[in-house]
Amino acid sequence: MSVTIKSTREIELMREAGRILAEVHERLGEIVKPGISTKDIDKYGEELIRSYGCIPSFLHYNGYPASICVSVNDEVVHGIPNKKRILTNGDIVSLDAGVIYKGYHSDAARTLAVGEISEDAKRLIEVTKQSFFEGIKFAKEGYHLHDISAAIEDYVIAHGYTCVRDLVGHGIGTELHEDPQIPNFRQKRRGCKLQAGMTLAIEPMVNAGSPEVKWLEDEWTVVTSDHSLSAHYENTIVITTGEPEVLSLRLD
């Protein structure tokens with residue numbers, strides 16, 4: 001495993017990539033409502049990303065055919081946008097997006113409500129989001145990588161949910177996926193020691209039911225095995241000498 005330590009200049013470029021991605025997510029959230037197709041979300045997302053002078057990280061990555069992963073209800077991640085897939089009141093939708101700015105990636109995901117959703121769905125979304133923040137309490141020099149993993153799963157389990165085990169977070173930089181892999185669940189080993197300059201994409205994927213998942217015939221879309229709801233929350237962060245900096249989140 002080779003974990004890269006980014007220079008001050010590299011972090012500055014990733015900070016700008018993250019700022020842009022945060023704005024992309026804000027604007028995508030404004031169009032998510034009943035009646036929109038997942039393809040329309042993808043089209044708007046790609047236009048937004050390019051309008052900032054960036055390239056979509058996901059488009060054609062390992063053959064993925066879109067710029068925004070749009071995953072609805074029991075779809076965990078990597079849902080392929082489709083003009084016939086129309087969002088309806090009560091759905092939840094996870095939007096996973098990445099941008100490349102001057103050669104550097106940022107990666108972030110949000111799960112959003114479509115119209116009025118159930119209290120159970122609201123709680124799942126909130127717990128998933130908060131589990132990220134519980135995890136990054138340990139994203140500091142002096143801790144180990146899997147301290148983050150344990151904190152995420154402990155919080156999720158305490159609220160009656162499960163963490164997907166077949167998919168993990170990752171390092172990020174000039175490549176979308178770099179070392180190290182970052183599980184969202186407890187590990188027997190502590191993992192590498194965290195150092196300032198590490199840039200990580202931490203992304204809890206949380207199911208309302210079983211942690212088990214399966215891949216659909218398109219070989220991309222991952223769904224819960226029991227068709228329970230799933231939520232996804234992700235940000236790109238940088239380890240510093242103090243508190244971690246969340247690069248893909250608006251400061252306000």
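Helix α3 and helix α4 (residues 145-158) pack at an angle of about 145°, and their axes lie 8 Å apart. Axes are lines fitted to C-alpha atoms, for helices over the stretch in contact, and angles run from 0 to 180 degrees between N-to-C directions. The model is predicted: local features need pLDDT of at least 70, side-chain atom pairs count only at pLDDT 80 or more, and totals for chains, interfaces and linings use all residues. Residues are numbered from 1 along each chain as its sequence is written, and side-chain values use heavy atoms, with hydrogens and water left out. Helices (H or I, at least four residues) and strands (E, at least two) are DSSP runs, numbered from the N terminus.

**Helix pairs**

- Two packed helices are described by the angle between their axes and the distance between the axes.
- The crossing of α3 and α4 is right-handed; a crossing is right-handed if the near helix is turned clockwise from the far one by less than a right angle, and left-handed if anticlockwise.
- From α3, the residues V127, Q130, S131, E134 and G135 meet I148, A151, I152, Y155 and V156 of α4, where contact means heavy atoms within 4.5 Å.
- This contact of α3 with α4 comprises six nonpolar, three polar and one charged residues; Ala, Val, Leu, Ile, Met, Phe, Trp, Tyr, Cys and Pro count as nonpolar, Asp, Glu, Lys and Arg as charged, and the others, Gly among them, as polar.
- Helix α1 (residues 8-31) packs with helix α2 (residues 38-51) at an angle of about 150°, with axes 10 Å apart.
- The helices α1 and α2 are therefore roughly antiparallel to each other; angles over 145 degrees count as roughly antiparallel, under 35 as roughly parallel, 65 to 115 as roughly perpendicular and the rest as oblique.
- In α1, V24, R27, L28 and I31 meet I41, Y44, G45, L48 and I49 in α2.
- By class, the contact of α1 with α2 has seven nonpolar, one polar and one charged residues.

**Strands and a sheet**

- Five of the five residues of strand β2 (residues 68-72) are buried, that is, under 20% relative accessible area, with exposed meaning over 50% and partly exposed in between (1.4 Å probe, protein chains only).
- Both faces of β2 are covered, with I68, V70 and V72 on one side and C69 and S71 on the other.
- Strand β4 (residues 92-101) pairs with β2 in the antiparallel sense over five bridges; two strands pair if DSSP finds at least two bridges between them.
- V70 stands opposite L95 in β4.
- Three strands form an open sheet in the order β6-β10-β13, with antiparallel pairing.
- β6 (162-163) and β13 (230-232) stand at the edges with a single partner strand each, so one side of each has no neighbour in the sheet.
- Helix α3 (residues 119-135) packs on this sheet, touching β10 and β13, and its direction makes about 35° with that of β13.

**Backbone features**

- Most residues other than glycine have a negative phi, and most peptide bonds are trans.
- D179 and P180 are joined by a cis peptide bond, with omega about 0°; P180 lies in strand β8 (residues 178-182).
- K102, in the loop between β4 and β5 (104-113), has a positive phi near 50°.
- K102 counts as exposed, at 61% relative accessibility.
- H227, in the loop between β12 (222-224) and β13, has a positive phi near 65°.
- H227 is exposed, with a relative accessible area of 52%.
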